[in-house]
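Please walk through this protein step by step, from its overall layout to single residues. Start with the terms, then the fold, then the details.

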Amino acid sequence: MVIRQVESDADRAAVQALLREAFEVQPGVGGGFAQLYLDVITKTSANSYVAVIDGQVVGHALLALRMFVIDGVHLPGGILAMVAVASKYRGRGIGSA
């Protein structure tokens, strides 16, 4: 397994397909996540990472770096979102990686 940043339109399309599958808990929800993903990566500085096995995108995580302010103290951090693993690859530690 290789974990790397999204590099191409093909990667982005594969992530959208993965999100559609992973988040389709009710009709249309997965498609909503796929569109949200596209909006986030085209309109923000979020970083999109994929897990790839044999050339196939099987996992995804989005990292949005943010500065948090707690009691007036600025702390660098990030928000991890849209973590998904293709159903046939779950249980192999891909999401943890």
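Two residues are in contact when heavy atoms of theirs lie within 4.5 Å. With that cut-off, take Pro76: leaving aside neighbours within four places in sequence, Pro76 is in contact with Arg66 and Met67.

A word on the basis. This is a predicted model, in which local features need pLDDT of at least 70 and side-chain atom pairs count only at pLDDT 80 or more, while totals for chains, interfaces and linings use all residues. Residues are numbered from 1 along each chain as its sequence is written, and side-chain values use heavy atoms, with hydrogens and water left out.

Now the fold. The protein has two helices and four strands. Here helices (H or I, at least four residues) and strands (E, at least two) are DSSP runs, numbered from the N terminus. The order from the N terminus is β-α-α-β-β-β. Along its principal axes, the C-alpha trace spans about 45 × 30 × 25 Å. Among contacts between residues at least 6 apart in sequence, 44% join residues at least 24 apart.

Next, what is covered? Buried means under 20% relative accessible area, exposed over 50%, and partly exposed in between (1.4 Å probe, protein chains only). Of the 97 residues in the protein, 32% are buried. The largest nonpolar core has 22 residues. Such a core is a set of buried Ala, Val, Leu, Ile, Met, Phe, Trp, Tyr and Cys residues joined through side-chain atoms within 4.5 Å. Val15, Tyr37, Leu62, Tyr89 and Ile94 have the most contacts inside this core. The elements that give two or more residues to the core are α1 (9-22), α2 (29-43), β2, β3 (56-70) and β4.

Apart from neighbours within four places in sequence, its contacts include Tyr37, Val40 and Ile41.

Which residues does Ser48 touch in turn? Ser48 lies in strand β2. Ser48 counts as buried because its relative accessibility is 8%. Beyond four places in sequence, Ser48 is in contact with Arg4, Gln5, Val6, Tyr37, Ile41, His60, Ala61 and Leu62. Its side chain makes a polar contact with the side chain of His60 (2.8 Å). A polar contact is a pair of N or O atoms within 3.5 Å; within protein, one must be able to donate a hydrogen and the other to accept it, and residues adjacent in sequence count only if both atoms are side-chain atoms.

Asn47 also belongs to strand β2 (residues 47-53). The side chain of Asn47 makes a polar contact with the side chain of Gln5 (3.3 Å). Not counting residues up to four places away in sequence, Asn47 touches Gln5, Ala61, Leu62, Leu63 and Leu65.

Return to Pro76, in strand β4 (residues 73-85). Pro76 counts as exposed because its relative accessibility is 68%. Pro76 and Leu65 are eleven residues apart in sequence, and their C-alpha atoms are 7.6 Å apart in space.

Finally, the loops. Most residues other than glycine have a negative phi. Asp54, in the loop between β2 and β3, has a positive phi of about 50°. Asp54 counts as exposed because its relative accessibility is 82%. Asp71 lies in the loop between β3 and β4. Its phi is positive as well, near 50°. With a relative accessible area of 78%, Asp71 is exposed.
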